[in-house]
Amino acid sequence: MQSGLYVVGTPIGNLSDLSPRAIEILKSVDLIAAEDTRVFAKLAHHFDIKTKTVACHDHNEREIVDTLVEKMQAGQSIATVSDAGMPGISDPGFRLVRAAREAGIPVFMVPGPTAAISALVLSGFPTDRFTFCGFFDEKKVREDNKIRHTIIYYESPNRIMDTIKILASVMPERKIAIVREITKIHEETIIGYPADLVDIESPRGEIVIVVAPAPDKKMTDDEISEIVNDIVANSTKSAAAELAARTGISKKEAYKKLVNK
């Protein structure tokens, strides 16, 4: 086994998605750096992987990275895994990869499922250009709306209904796909305009939201006026920023519309 770092993708639901190569690598390396050793233990038991593991997660990654790099410099092979999917994609892993690169240590990819890409394909929305924004952040959503191509978010089941309402306010003209429990028994994709989904039964499980590209057609003055009426209670400056984000017009044009209201 060549020394170095092996970035291993693990199943996002269905254990059968772990590749034969991934199993071989995980059995052969000297050490496995796992996001949660208890979660990985279930996978290890299923595939009879007996390799020693060490925790490498958000709270200790900075401290343990140097130790892992030293081990690889001494000739050891180490695999890094997250609880599900690809390490480094809204999961620990990128700091270890970066440190290995900076130390001149070989880094190998053992690809596996990624929830973001799987949801993107399931949505049926355009895939030629997309932006992954990590976990949904209400404070950034108006800025995100300036991204006119496909957007991907992760979200928790505890917040999904509030998020749909926010999207209905900020991105009413863009369809969304709520993709949950990918590769599991209850896999489901719900597609519609946010306003049409605010009253659905709250989805459960692991959730990815895919937002369709903004429509090519420009909003009419009447449509913009409706949004103006909706946000006019804010200060003119903040209202102009929100109007620009929700309609795609410039802040300067938005300001003029509010002043002339």
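Student: How many aromatic pairs does the ring rule count here?
Tutor: This is a predicted model, where local features need pLDDT of at least 70, side-chain atom pairs count only at pLDDT 80 or more, and totals for chains, interfaces and linings use all residues. Residues are numbered from 1 along each chain as its sequence is written, and side-chain values use heavy atoms, with hydrogens and water left out. Rings of Phe, Tyr and Trp (its six-membered ring) pair if their centres lie within 6.5 Å; planes under 30 degrees apart count as stacked, over 60 as edge-to-face and the rest as tilted. By this rule, the number of aromatic pairs is four.

Student: Is the pair Phe132 and Tyr154 stacked or edge-to-face?
Tutor: The ring centres of Phe132 and Tyr154 are 4.9 Å apart. Their planes stand at 65°, so the pair is edge-to-face.

Student: How many residues apart are Phe132 and Tyr154?
Tutor: Helices (H or I, at least four residues) and strands (E, at least two) are DSSP runs, numbered from the N terminus. Phe132 is in strand β6 (residues 130-135), and Tyr154 is in strand β7 (residues 150-155). The pair links distant parts of the chain, and the separation in residues is 22.

Student: Is Tyr154 buried or exposed?
Tutor: Buried means under 20% relative accessible area, exposed over 50%, and partly exposed in between (1.4 Å probe, protein chains only). Tyr154 has 10%, so Tyr154 is buried.

Student: Which residue does Phe136 pair with?
Tutor: The pair is edge-to-face, at 5.0 Å centre to centre and 75° between the planes. Phe136 is in the loop between β6 and α6 (141-144), and the partner is in strand β7, 17 residues apart. Phe136 is buried at 6%.

Student: Do the buried residues of α1 lie on the same side or on opposite sides?
Tutor: Helix α1 (residues 20-28) has Ala22, Ile23, Ile25 and Leu26 as its buried residues. They cover an arc (from the directions of the helix axis to the C-beta atoms) of only 165° around the axis, so they lie on the same side.

Student: Which residues are exposed on the other side of α1?
Tutor: The buried face is covered by elements including β1 (4-8), β2 (31-34), α2 (37-47), β4 (77-81) and β5 (107-110). The exposed residues on the other side are Pro20 and Glu24.

Student: Where is Met171?
Tutor: Met171 is buried, at 1% relative accessibility. Leaving aside neighbours within four places in sequence, its contacts (heavy atoms within 4.5 Å) include Val141, Ile151, Tyr153 and Val211. Met171 sits in the loop between α7 and β8.
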